[in-house]
Amino acid sequence: MTSPTYSAAHWGIYELRPGAGGDPQIAPLAADPDPTPIGLDQLAPEVEALRVSRPAVRKGWLEGRSAMGRGEEPFVEVDWDVALDLVAGEIARIREAHGNEAIFAGSYGWASAGRFHHAQSQLHRFYNCIGGYVRSVDSYSLGAGRVVMPHIVADMDSSNASHTSWEVLAEHCQLFVAFGGVPLKNAQVSSSGAGRHRARAGLESLAASGARIVNFSPMRGNLVTGGTVEWVPIRPGTDTAVMLALAHEVVCHPQFDRSFIDSHTVGFGRFVPYLLGEADGVAKTPEWAEEISTVPAGFLRALAGEMLAKRTMLNAAWALQRAAHGEQAFWALVTLAATLGQIGLPGGGYGIGYGAMNVMGSAHVRIPGPVLPQGSNPVTAFIPCARFADMLLHPGETFTYNGDRHRYPHIRLVHWAGGNPFHHHQDLNRLRRAWALPDTIVIQENYWTSAARHGDIVLPATISLERDDIGFATREGYYIAMRKARAPYGEARDDHAILAGLAERLGAHHAFSQGRGTQDWLRHIYEENRARVVGAGIELPDYDVFRETGLIDLSRHDDPFVMHAEFRRDAAAHPLATPSGRIEIFSERIAGFALEDCPGHAAWREPFEWLGGALAARYPLHLISDQPERRLHGQLDPAPYSRAGKVAGREGVHVNPQDAEARRIGDGEIVELFNDRGRCLAGVIVDLGLMRGVVRLSTGAWYDPDGDLDRHGNPNVLTLDRAASGLSQGCSAHTCLVEIRKWQGPLPPVRAFDPPTFVVAHPR
Ligand SMILES: Nc1nc2c(c(=O)[nH]1)N[C@H]1C(S)=C(S)[C@@H](COP(=O)(O)OP(=O)(O)OC[C@H]3O[C@@H](n4cnc5c(=O)[nH]c(N)nc54)[C@H](O)[C@@H]3O)O[C@H]1N2
Ligand SMILES: Nc1nc2c(c(=O)[nH]1)N[C@H]1C(S)=C(S)[C@@H](COP(=O)(O)OP(=O)(O)OC[C@H]3O[C@@H](n4cnc5c(=O)[nH]c(N)nc54)[C@H](O)[C@@H]3O)O[C@H]1N2
Ligand SMILES: [Mo]
């Protein structure tokens with residue numbers, strides 16, 4: 001066999017060999033023990049059929065700059081020069097009239113792997129060269145977690161990269177207690193590129209070691225080890241109550257030893273009165289938690305005792321904080337782990353998101369990778385990313401964030417590259433009302449996604465397989481010389497080239513490019529990184545050898561890791577980056593923010609919507625809109641692999657047999673999910689692995705609106721667009737009640753994968 005070239009994607013590293021018709025054959029990396037099929041479909045004809053091939057402008061915008069008709073009107077294809085002149089002209093007009101604070105280029109999204117052609121980095125660099133833009137902070141992934149965790153233990157980036165390795169868990173962990181499982185479907189990816197997929201083997205070796213494995217979860221299937229897993233159904237949104245009850249039992253147990261609390265934490269004394277009920281008259285006992293969560297009190301009591309007796313690792317899925325008061329679940333987890341006193345011991349302590357991505361539990365060396373310098377942004381206005389619709393709907397209004405008060409800017413121009421708000425945002429009917437407000441919306445996309453269809457000016461971007469790049473992701477163990485493997489589709493251009501064209505029109509070409517072409521940039525950011533990692537004892541070959549080699553395997557530097565081991569050994573010499581240098585069971589700083597929805601210690605707060613609340617009488621099913629197994633968000637939804645998971649062409653909704661029976665719906669039938677915010681169709685999958693009262697409709701079916709109805713099965717027409725709390729303003733997608741019923745009328749066809757209509761323009 002010929003030796004391959006390589007490409008990196010969020011799903012893994014792929015080996016490319018010459019194929020038919022100028023396209024490469026794509027195969028998984030031979031060294032990957034558990035590759036995912038997702039990326040093999042990147043060039044499938046069904047996917048290619050949706051490429052944006054030429055720049056396109058919405059008819060009403062082209063003819064009269066009209067903001068009306070987004071998402072409904074046809075497009076007019078234009079030449080690149082026309083499109084770039086239009087965008088540059090609009091940027092210039094808006095800067096002149098309203099300043100750079102009127103431009104939103106926060107542009108949240110995963111884009112594609114590759115350190116140079118990272119769409120957001122390119123976009124931010126471009127705007128920084130012309131006076132700045134309104135940015136977004138945090139992520140939809142970890143909106144609440146990113147804000148709360150630095151106050152109490154560690155920032156999320158360092159936490160993600162320093163989880164105790166799978167090898168150590170298999171050797172030392174005796175009891176693994178998960179909240180929300182360790183979903184192998186999610187561990188298929190790592191942002192910027194997964195390397196060897198290791199989570200499955202990690203779980204298998206943990207099970208083989210004889211560890212007891214317990215999973216608190218509304219569904220069974222998110223923790224599979226090949227051995228025994230005890231599934232404990234829990235009402236969604238109530239994990240904090242269960243964690244508090246476990247902490248209550250630990251603290252009241254005769255074996256409780258508070259030496260770790262005394263030496264490595266602060267604020268225990270201010271938390272205990274709440275835990276014991278001295279502060280509010282409600283002791284956080286297992287009986288109290290059973291009432292809230294439906295988990296039997298006796299089970300919790302016994303488990304708490306066993307946690308004290310065994311080397312115990314606790315794990316929380318990120319989903320727990322993508323919810324109302326999401327901060328509390330992470331804080332309660334760390335608090336519970338602190339009461340057990342095993343943080344920093346091999347196989348003990350806590351994890352935040354084993355399974356959420358491939359990186360968690362990696363033993364590969366932790367070094368920084370190559371980056372495109374983004375410059376600095378003179379505009380100070382920003383939003384927490386999930387407040388996007390709020391910002392458009394409420395310009396000038398204030399919001400709180402991490403203890404400060406800020407004001408929403410008034411946005412006239414939205415420019416997106418590498419993300420899909422019509423995938424990621426909640427309450428899409430509300431988003432559409434907000435989306436109608438700006439003067440102009442520019443979208444750089446590979447495909448005719450719902451975001452592209454809702455744009456005014458759509459600029460076709462190349463995909464990773466059409467450009468040279470450098471692949472690298474934290475602790476994934478490889479540098480990859482990504483090799484251009486085919487010509488660009490249609491007239492697609494690299495995001496860098498698109499923005500260079502705009503920079504030129506705005507007199508910022510040199511500032512943007514610094515006189516470098518793409519190849520010069522690749523060499524530059526690689527060599528800069530090569531010099532930087534020498535300090536970590538990593539010797540990389542020079543750029544030319546790197547490109548020739550294709551793949552640099554760092555696994556000989558592997559070093560199994562124990563999270564917080566140094567801090568445990570000597571807290572004075574290795575303090576945490578919290579205000580006290582210790583774990584903050586009570587945070588003076590957060591308490592000082594005086595927020596009712598986020599007090600100074602982990603606390604149970606009723607979610608906005610939940611099965612224990614009043615709204616459940618009208619909408620008695622909790623909707624879990626989790627990450628999809630067969631794609632990454634909306635990416636590659638048109639692919640055969642994703643479509644094979646659908647039910648009669650629509651996304652599958654998992655329903656417990658009793659809930660299905662009560663509504664007289666069966667496998668394969670089309671139902672309507674609805675609440676006060678919207679409606680969507682989906683195909684029923686009756687599923688014994690789901691607790692009663694919970695339905696599961698994964699995200700990522702391309703949004704296909706017909707009025708307030710989505711025809712394809714996108715859960716974000718149903719989810720709530722409300723901040724997790726006034727601390728973080730994080731996304732709370734997992735807090736959502738719905739009802740379902742059999743669809744009675746004629747079935748509207750799914751149009752999500754039909755390309756838009758193109759017409760010829762009639763300029764006035
Ligand atoms: N209900 C609900 N909603 C959720 C979640 C949930 O759990 N429940 N999860 C949330 C989370 S955690 C996340 S991270 C978000 C994900 O939301 P997004 O990251 O916005 O979703 P993607 O579909 O990955 O969008 C990336 C887009 O970038 C495009 N793209 C890829 N490569 C390039 C490139 O090189 N150039 C350009 N110009 N474009 C490119 C792709 O075609 C794709 O359309 O969704 C959030 N939404
Ligand atoms: N294949 C694939 N993998 C992905 C992604 C993808 O789109 N596709 N997206 C990636 C991204 S951007 C992110 S941020 C991560 C996200 O990782 P997570 O946020 O962990 O992912 P989810 O799939 O939303 O949820 C994980 C599990 O939590 C459970 N769960 C939901 N609500 C509750 C609850 O209240 N209590 C308990 N105990 N369990 C609950 C769900 O049943 C689900 O199985 O995944 C990444 N991995
Ligand atoms: Mo995410």
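Where the two meet, the contact (heavy atoms within 4.5 Å) takes 9 residues from domain 1 and 8 residues from domain 2. This is a predicted model, so local features need pLDDT of at least 70 and side-chain atom pairs count only at pLDDT 80 or more, while totals for chains, interfaces and linings use all residues. Residues are numbered from 1 along each chain as its sequence is written, chains are lettered from A and ligands numbered from 1 in the order in which they are written, and side-chain values use heavy atoms, with hydrogens and water left out.

**Domains**

**Ligand 1**

- Ligand 1 has 34 residues around it, with His424, Glu445, Arg467, Asp495 and Asn716 the closest; a residue is near a molecule if one of its heavy atoms lies within 4 Å of it.
- Because domain 2 (56-137 + 376-468 + 496-515) and domain 4 (614-742) both give residues to its shell, ligand 1 lies between them.
- Sorted by type, that shell has 8 nonpolar, 22 polar and 4 charged residues. Here Ala, Val, Leu, Ile, Met, Phe, Trp, Tyr, Cys and Pro count as nonpolar, Asp, Glu, Lys and Arg as charged, and the others, Gly among them, as polar.
- Now for the polar contacts (pairs of N or O atoms within 3.5 Å; within protein, one must be able to donate a hydrogen and the other to accept it, and residues adjacent in sequence count only if both atoms are side-chain atoms). A polar side-chain atom of Glu445 sits 2.4 Å from an oxygen atom of ligand 1, and one of Gln426 is 3.2 Å from a nitrogen atom of the ligand.
- Taken alone, ligand 1 exposes 920 Å², and the protein buries 98% of that (Shrake-Rupley method with a 1.4 Å probe; for residues, only the protein chains shown count as cover).

**Ligand 2**

- Ligand 2 is surrounded by 33 residues, and the closest are Lys185, Asn186, Gly237, Asp239 and Arg322.
- Domain 3 (143-365 + 561-592) and domain 4 (614-742) each supply at least three residues of this shell.
- By type, the shell around ligand 2 comes out as 17 nonpolar, 10 polar and 6 charged.
- Phe216 uses its backbone instead, with an N or O atom 3.0 Å from a nitrogen atom of ligand 2.
- On its own ligand 2 exposes 920 Å², of which the protein buries 98%.

**Two loop residues**

- Ala461 is in the loop between β19 (457-460) and β20 (469-472); helices (H or I, at least four residues) and strands (E, at least two) are DSSP runs, numbered from the N terminus.
- Ala461 counts as buried because its relative accessibility is 2% (buried is under 20% relative accessible area, exposed over 50%, partly exposed in between; 1.4 Å probe, protein chains only).
- Not counting residues up to four places away in sequence, Ala461 touches several residues, including Glu445 and Asp495.
- Ser190 lies in the loop between β8 (175-179) and α8 (199-208), and with a relative accessible area of 2% it is buried.
- The side chains of Ser190 and Glu476 make a polar contact of 2.6 Å.

Technical notes: Domains from an automatic or database assignment.
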